[in-house]
Amino acid sequence: MAEIQRRKKAVPFMSTRGDRIFYKLNNLVMLFLIGITVYPMLYVVFCSFSDPDQYALKMGKMLLAPAGFSLQGYKTVLQLSSVWQGYRNTIFYVLVGTCFSMAITIMGAYVLSHKDFLLKRPVMGLIVFTMYFSGGMVPTYLAVNSMGITNTIWGFILPGAVSVYNLIVLRTSFNSVPKGLYESATIDGAGDMTMLFRIVLPLSTASLATITLFYIVSFWSSWYNALVYLQKRRDLYPLQMILRELLIMDQSEGFVDSLNNKTASQYLLKEIVKYCTIVVSTVPILIVYPFIQKYFVKGVMLGALKE
Amino acid sequence: MNTALDNTHKKGGGFLHRLALNIRNHPMVYIMMLIVMTYFILFCYWPMYGNIVAFKNYKPFLGLARSEWVGLENFRNFFSSVYFFRIVKNTLVLSLLNLFFGFPVPIIFAILLNEVQSARYKKIIQTATYLPHFISTVVVCSMITLFTNSTGFITTFVNALTGHEGSLISDPDCYRTIYVVSYIWQSFGWNSILYLATMMGIDPSLYEAATIDGANKFQQIIHVTIPGLKEIIVIQFILACGSLMSLSWEKSFLLQSSLTYEVSDIISTYVYRKGFVDNDYGYSAAVNIFNAVINFGMLVFANQLSRKYSESSLW
């Protein structure tokens, strides 16, 4: 007990007065940094709960709390069918897309980490090559178009679904499975599939979780494929495309229809609805984020270690 | 039972013979390889081949194969166009500003964060500053647009301070600042992870020795922390130089408007506009090839530098 107490005190004892001032100042700088990263998000939340009439007085000013309180904005968002259709589409793309990407990534990583695979070097070369050279927007469009998957869900999911970076990270993790396990499993008569499902995958769960999360986030925030490959199918648009139309291009056709008489408070409500849409579309990520943060951090480190 | 298993790597027998044996022993591995390669051939190599459109006068009703060859005409048109200088300049300027202002911030932040004494507070700071990284580009750009348009709170704030008038995002003089500041806002926390982890690996006895020699906190940072980070800083800097011309397409596309094209139009947004708005496929692909060649050159150059100045390199 005394030992622990002494150790706890060791650092402050050694630190000079200057150091203590440094620590105080440093803590203040950090508080300031938290402030500037979090405030823009808080501001969005404040605006989303504001009352249109009171918001009018405070528009363009810094808010420290919602201007008045009203759920009118959220009620209006509930009626925006395009947002909810986008939501449904995005959830579908995240589920199907992540499964597809994971399947290809696992197969690629397993093949490239298999010790007896004769074509390992040329296959690795062909895959890594695509990291540095790609088709570019137009040639990729022409190819995808010839495959006949434009304006279908596959036009959104397939192009760019597999990340070579993730594949190589997973291969590194598969490589670290002890070689002795392969040999004893082979002696027991295990085939390659048994090996993959019973030994390699169960021993790599942390990397698998990290890479799955990477894919989920990338499908969640993806929209370029919809812009280019789903030009004729608005009903297949993911949430991010809808957000782009509502928030950045300021096209809120369906919404304007419901609010035809353009009074000032209707205009303000429209502004508030924008903030509500941001909240509604970002909350799922922000809720799960603190729990999965450590996997992402692990992912950054996995990538940095490489070989 | 499995005597043939490891014959694959033995000497003797032609390559085809060994391959046949390898396929017989591991059929599933080859099936998986075929599936994976099918994906890469369809979605990476086919588009790569499609780059020949840059050397053709593409006519949709003729298709790629039967469109007429025009040699380097698309490239000549691009190099002599008034946009050439503008988009190369904008791409370079935005990249260099991002690098110059964005690169040091995570390093300084990581060093300061490392000096925070309370583990709990440290955890809170990390959670808060990593957060913007997880917000999608569309939402971040929406927030930027809402805050810096004519009624946004940042506009009001900045205009009150500087006497600037009107919206910031549609003012060409402010576009670059908004671009770089928002880049730093979104990435500094996340980019600090690598440096923070490297600092964990610095031998604590170095700090103890420095303390005994009477070094204060600031001197410890200069003489222990920064030398410990030097290697990773060099590698990261070289990597950043290698991707100098490959600026994010999404963000520029979402933030730009015709009012700010003179500073916001970069190579990739021009490629998009030429390809999918003007439907000039050949020209657009030519511009993209030009960009890819420059990018690759940068990468090779950066890798050479990395080999020279540090132990690590990409290949």
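This is a predicted model: local features need pLDDT of at least 70, side-chain atom pairs count only at pLDDT 80 or more; totals for chains, interfaces and linings use all residues.
Residues are numbered from 1 along each chain as its sequence is written, with chains lettered from A and ligands numbered from 1 in the order in which they are written.

Helix H9 of chain B spans residues 153-162, and its buried residues are Phe153(B), Ile154(B) and Thr155(B); buried denotes 20 or more other C-beta atoms within 10 Å of a residue's own, with C-beta atoms placed from the backbone. The cover over these residues includes helix H2 (17-48) of chain A and helix H8 (137-148) of chain B.

Turning to the pairing of the chains, 79 residues from chain B and 78 residues from chain A take part in the contact, where contact means that C-beta atoms, placed from the backbone, lie within 7 Å. Helix H2 (residues 27-49) of chain B gives the most to the chain B side, with 14 residues. By class, that side of chain B has 51 nonpolar, 23 polar and five charged residues; Ala, Val, Leu, Ile, Met, Phe, Trp, Tyr, Cys and Pro count as nonpolar, Asp, Glu, Lys and Arg as charged, and the others, Gly among them, as polar.

Within chain B, domain 1 covers 5-69 and domain 2 covers 75-309, the bounds coming from an automatic or database domain assignment. Their contact draws six residues from domain 1 of chain B and five residues from domain 2 of chain B.

Definitions and conventions: Two residues are in contact if their C-beta atoms, placed from the backbone, lie within 7 Å. Helices (H or I, at least four residues) and strands (E, at least two) are DSSP runs, numbered from the N terminus. A residue is buried if 20 or more other C-beta atoms lie within 10 Å of its own, exposed if 12 or fewer, and partly exposed in between; C-beta atoms are placed from the backbone.
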